[in-house]
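Hi,

Here is the structure I promised to pass on.

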Amino acid sequence: MSQITNIETVSVPSVGKLALAQNPGTFTPSGVTRAHKPGRKAEDGGYTETSVPATADLNIHLTPGIDVSALNNIKGEDVTIRLSDGTVHLMSRAWAEGVVPIGDGESKLKLVSNASEKM
């Protein structure tokens with residue numbers, strides 16, 4: 001049985017390597033969605049494409065020394081996401097969407113980028 005691919009590390013230049021929780025969350029690379037576009041005849045139909053941004057919905061540990069304000073202020077940064085299968089993705093000019101809540105030592109951080117690329 002093969003190993004399941006998961007997020008290993010996430011690095012943000014202004015913050016450093018994030019302390020990911022046991023279940024690190026999800027990463028969705030940028031891409032396109034396609035919607036059917038009908039034609040007068042079936043063979044005249046086609047599709048339209050809409051771009052979809054890259055997102056990283058992360059579960060993080062709020063360890064001592066973590067500056068929550070710095071997490072909330074992430075914008076225009078090149079975020080590196082390393083997966084357990086060895087692949088690396090770069091989220092160009094990413095920003096934090098929403099505000100990082102403080103709770104029981106764990107929190108959620110959503111990073112968004114218009115484009116991502118596999119390195």
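**Salt bridges, core and strands**

At 41% relative accessibility, Glu97 counts as partly exposed; buried means under 20% relative accessible area, exposed over 50%, and partly exposed in between, with a 1.4 Å probe and protein chains only. Before I go on, a note on the source: this is a predicted model, in which local features need pLDDT of at least 70 and side-chain atom pairs count only at pLDDT 80 or more, while totals for chains, interfaces and linings use all residues. Residues are numbered from 1 along each chain as its sequence is written, and side-chain values use heavy atoms, with hydrogens and water left out.

Back to Glu97: its side chain meets that of Lys110 in a salt bridge, at 3.5 Å from N to O. The term stands for a side-chain nitrogen of Lys or Arg within 4 Å of a carboxyl oxygen of Asp or Glu. Glu97 lies in strand β8 and Lys110 in strand β9, so the pair ties together parts that are 13 residues apart in sequence. (Strands are DSSP runs of E with at least two residues, helices are runs of H or I with at least four, and both are numbered from the N terminus.) Lys110 is partly exposed too, with a relative accessible area of 28%.

How many salt bridges does a search of the whole structure find? There are two. In the other, Glu49 pairs with Arg34, and the closest N and O atoms are 3.0 Å apart. This pair links distant parts of the chain, with Glu49 in strand β5 (residues 46–52) and Arg34 in strand β4 (residues 31–37), 15 residues apart. Glu49 is partly exposed at 46% relative accessible area, whereas Arg34 is exposed at 54%.

Now for the inside. The largest nonpolar core has 23 residues, and those with the most contacts inside it are Val10, Leu18, Leu58, Ile81, Met91, Leu109 and Leu111. Such a core is a set of buried Ala, Val, Leu, Ile, Met, Phe, Trp, Tyr and Cys residues joined through side-chain atoms within 4.5 Å. At least two residues of this core come from each of β1, β3 (20–28), β6, α1 (68–72), β7, β8 and β9 (106–113). The largest share, four residues, is supplied by β6.

Leu58 sits in that strand, β6 (residues 54–61), and is buried at 1% relative accessibility. Leaving aside neighbours within four places in sequence, Leu58 has contacts (heavy atoms within 4.5 Å) with residues including Ile7, Val10, Leu18 and Leu109. Ile7 is 51 residues from Leu58 in sequence, yet their C-alpha atoms are 9.3 Å apart.

Strand β7 (residues 77–83) is worth a look as well. Its covered face holds Glu77, Val79, Ile81 and Leu83, and its uncovered face Asp78, Thr80 and Arg82. In a regular strand the side chains alternate between the two faces of the sheet. β7 runs antiparallel to strand β1 (residues 7–12), joined by four bridges; strands pair if DSSP finds at least two bridges between them. Val10 has Ile81 as its bridge partner in β7. β7 also pairs with strand β8 (residues 88–97), again in the antiparallel sense, over five bridges, and there Val79 stands opposite Met91. The hairpin of β7 and β8 has four residues between the strands, and Gly86 takes a positive phi near 100 degrees.

Lastly, His89 is found in β8 and is buried at 11% relative accessible area.

Best wishes
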